[in-house]
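Please read the points below alongside the sequence and the model.

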There are 2 protein chains.
Amino acid sequence: MNKSDVVQLILGDRYLKQPQQNQATAYAPTNIALVKYWGKRQQDINLPVTSSLSISLGDKGANTTLSVNNKNQDSITLNNQAIDLFSNFSQRLSQYLNLFRKPNSTYFDINITTNIPIAAGLASSACGFAALAKVLNELYTWQLTSTELSILARLGSGSACRSLWDGFVEWQAGEKSDGMDSFGVPLDIEWPDFCVGLLIMQTQEKNISSREAMQRTIQTSSLYSLWPEKVNYDLSVLKQALQEKDFALLGKTAESNAMTMHALMLSAWPPISYALPQTVEAMQKIWQLRNTGLEVYFTQDAGPNLKLLFLKKESEAIKNYFPEIEIVQPF
Amino acid sequence: MNKSDVVQLILGDRYLKQPQQNQATAYAPTNIALVKYWGKRQQDINLPVTSSLSISLGDKGANTTLSVNNKNQDSITLNNQAIDLFSNFSQRLSQYLNLFRKPNSTYFDINITTNIPIAAGLASSACGFAALAKVLNELYTWQLTSTELSILARLGSGSACRSLWDGFVEWQAGEKSDGMDSFGVPLDIEWPDFCVGLLIMQTQEKNISSREAMQRTIQTSSLYSLWPEKVNYDLSVLKQALQEKDFALLGKTAESNAMTMHALMLSAWPPISYALPQTVEAMQKIWQLRNTGLEVYFTQDAGPNLKLLFLKKESEAIKNYFPEIEIVQPF
């Protein structure tokens, strides 16, 4: 089963038709996993070993416009800067678009604007591919459901399948080999007081992609085999915490899950560490603040930045201790 | 089974006799584990979950003089500074000495000089209790074997049982509930080119003792159950590396073992991290140097300092890249 097979399954007789519009635009929020996705059971169509659960970041995300052009190649701009077509970024994008167009038939001007740093563990590819799936749906007038779009977004980047919705979203791992049961499902939970604080230590590209880091972890970590059990436990506790609006339980579960994911990476060979010196400094500071009674937790993805988790009533204190923080209220 | 029971088992009719000398002195080297001891199967007499393997650091260690005094209390000096008798340090020492003397009978002037930082993950308690066991053996003329002294040293601090010998030493975990089969065994291996570089980031006391960190790891880490398997594998590979003088295999095995131990701590709750920002910086530097072909590995204990592992031929390069390093040649 490869990506094209999945696209055909979903599009049926709409597969490889011409776009019905000349231009379309769509937006998708980025999402931060509270229970992480770390490890694939199938590489090509991004089927995960475990389920995962995220919070979407509202107006932090990617806005993408696709316009049919009459040149013989795509052209890509990111935040109004032209991107080299031979860059990894462009190649990955064009290859994704190739899944939906006849060879040598249709080319696009792709215009992406994003208000989050690219490839710094802030899930830029998640919102990027979710926005792309949505904009293709407009351009080709496929009229797909969000669930179907979630599967298409997943083909671009696993965690993108969670960026089709606002709020808390569970990516259900599924069991099928074609991945038709592996998509995001929004949770019916509103939590207006819930805040995420972005603590950005670095906005450059990271030196090992999460794709590669995942693979190395699975192949070499002596501890990885316990990860699925840890995730299942954390998922059930996190859902309970969301139902009961038990913030301390949510914070503890999310932080413990993230630390365990990074623990797995450290135990890989060669060891993988996304921490910068400033990351360690910030963690120690958070732990100290928590010891003094401030209810703040954090999560960390495949990058050095931390995402602080706290309730609105702590916002002023958090801004005080971390003047450089950017606070997002997902609801 | 408690500490006194073990002491009685070993000393037999020499138990709680008076010292035969008024003063004695002994030295023990500190040791750095290449396969770590992390977790006890019995708390009181320091029985480990797994075996472990270390290298002793020659003239880096503790020199201890015990003199019988005729005051009504012990007095302790560390590097010529008097130590408060109510400090944890003094309490732990006096309680250890209580195992060997009748209540209210004998008091000592204890004079310790050490050339390694105390409680900074440089195994100061290892050499400290090994030296203490040796000096008691002199003072009381017990004429114990090194193996018996290793068991007595273990009662003070688990890893102390490896500090009775120079060179590579395996602490065999044993199976018995009285721990009479849990002691150090020196390996018959000389490796004159083997170097250890001490990269000291901090010499203050750490904020969580290794004793407490071990306990928390066992009780809360979802990954700990795989540690014994990891240790057994690393031990067999490390012994093979020592036999074949395969330095790359030794380095990789030791570093991977250390990183996995720290991974377990990160996955505990609350997470435990001994890393300082400088620790992360140094790790990244070592990994970069290794990528450029320099054969250098590291290990890290329950503290922020790193111990670099390399062969003599790399000494100049290492000094160049880490001007502050202290290089020890164990053979």
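1. In chain B, P270(B) is placed in the loop between α7 (247–266) and α8. The model is a predicted one, and it joins W269(B) to P270(B) through a cis peptide bond, with omega at about -10°. Chain A has a cis peptide bond between W269(A) and P270(A), where omega is about -10°; P270(A) is located in the loop between α7 and α8 of chain A. For context, most peptide bonds are trans.

2. A further point of backbone geometry concerns N79(A). This residue belongs to the loop between β5 (75–78) and β6 (81–82) of chain A. Most residues other than glycine have a negative phi.

3. How are the two copies related? Chain B can be superposed on chain A with an RMSD of 0.0 Å, using a turn of 180° and a shift of 0.0 Å along the axis. The copies are thus related as by a two-fold rotation axis. As to the surfaces involved, 100% of the interface residues of chain B are also interface residues in chain A, so the copies meet through the same surface.

4. Helix α8 of each chain deserves attention here. The axes of α8 (residues 277–291) of chain A and α8 (residues 277–291) of chain B come within 8 Å and cross at roughly 155°. Because angles over 145 degrees count as roughly antiparallel, α8(A) and α8(B) are roughly antiparallel to each other. Their crossing is right-handed. On the side of chain A, the residues in this contact are P277(A), V280(A) and E281(A), which meet P277(B), V280(B) and E281(B) of α8(B). Sorted by class, the contact of α8(A) with α8(B) has four nonpolar, no polar and two charged residues.

5. Within chain A, helix α3 (residues 124–139) and helix α4 (residues 146–156) have axes that come within 8 Å and cross at roughly 130°. That makes α3(A) oblique to α4(A), and the crossing of these helices is right-handed. From α3(A), the residues F129(A), A130(A), A133(A), K134(A) and N137(A) meet L149(A), L152(A), A153(A) and G156(A) in α4(A). The contact of α3(A) with α4(A) comprises six nonpolar, two polar and one charged residues.

6. The corresponding helices of chain B may be read next. Helix α3 (residues 124–139) of chain B packs with helix α4 (residues 146–156) of chain B at an angle of about 130°, their axes being 8 Å apart. The two helices are therefore oblique to each other, and α3(B) passes α4(B) in a right-handed crossing. Here F129(B), A130(B), A133(B), K134(B) and N137(B) in α3(B) meet L149(B), L152(B), A153(B) and G156(B) in α4(B). By class, six nonpolar, two polar and one charged residues form the contact of α3(B) with α4(B).

7. Finally, the aromatic rings. The count of aromatic pairs over all chains comes to 24. In one pair, the rings of W191(A) and F247(A), the centres are 6.3 Å apart and the planes stand at 85°, so the pair is edge-to-face. This pair links distant parts of the chain, with its residues 56 apart: W191(A) is in the loop between β9 (183–186) and β10 (194–199) of chain A, and F247(A) is in helix α7 (residues 247–266) of chain A.

Methods. Residues numbered from 1 in each chain as written. Chains lettered and ligands numbered in written order. Predicted model: local features only at pLDDT ≥ 70, side-chain atom pairs only at ≥ 80, totals over all residues. Heavy atoms only, no water. Axes fitted to C-alpha atoms, helices over the stretch in contact; angles between N-to-C directions. Helix = DSSP H or I, 4+ residues; strand = E, 2+ residues; numbered from the N terminus. Parallel < 35°, antiparallel > 145°, perpendicular 65-115°, else oblique. Left-handed = near helix turned anticlockwise from the far one by under 90°. Contact = heavy atoms within 4.5 Å. Nonpolar A, V, L, I, M, F, W, Y, C, P; charged D, E, K, R; others polar. Least-squares fit on C-alpha atoms with pLDDT ≥ 70 in both. Phe/Tyr/Trp six-rings, centres within 6.5 Å; stacked < 30°, edge-to-face > 60°.
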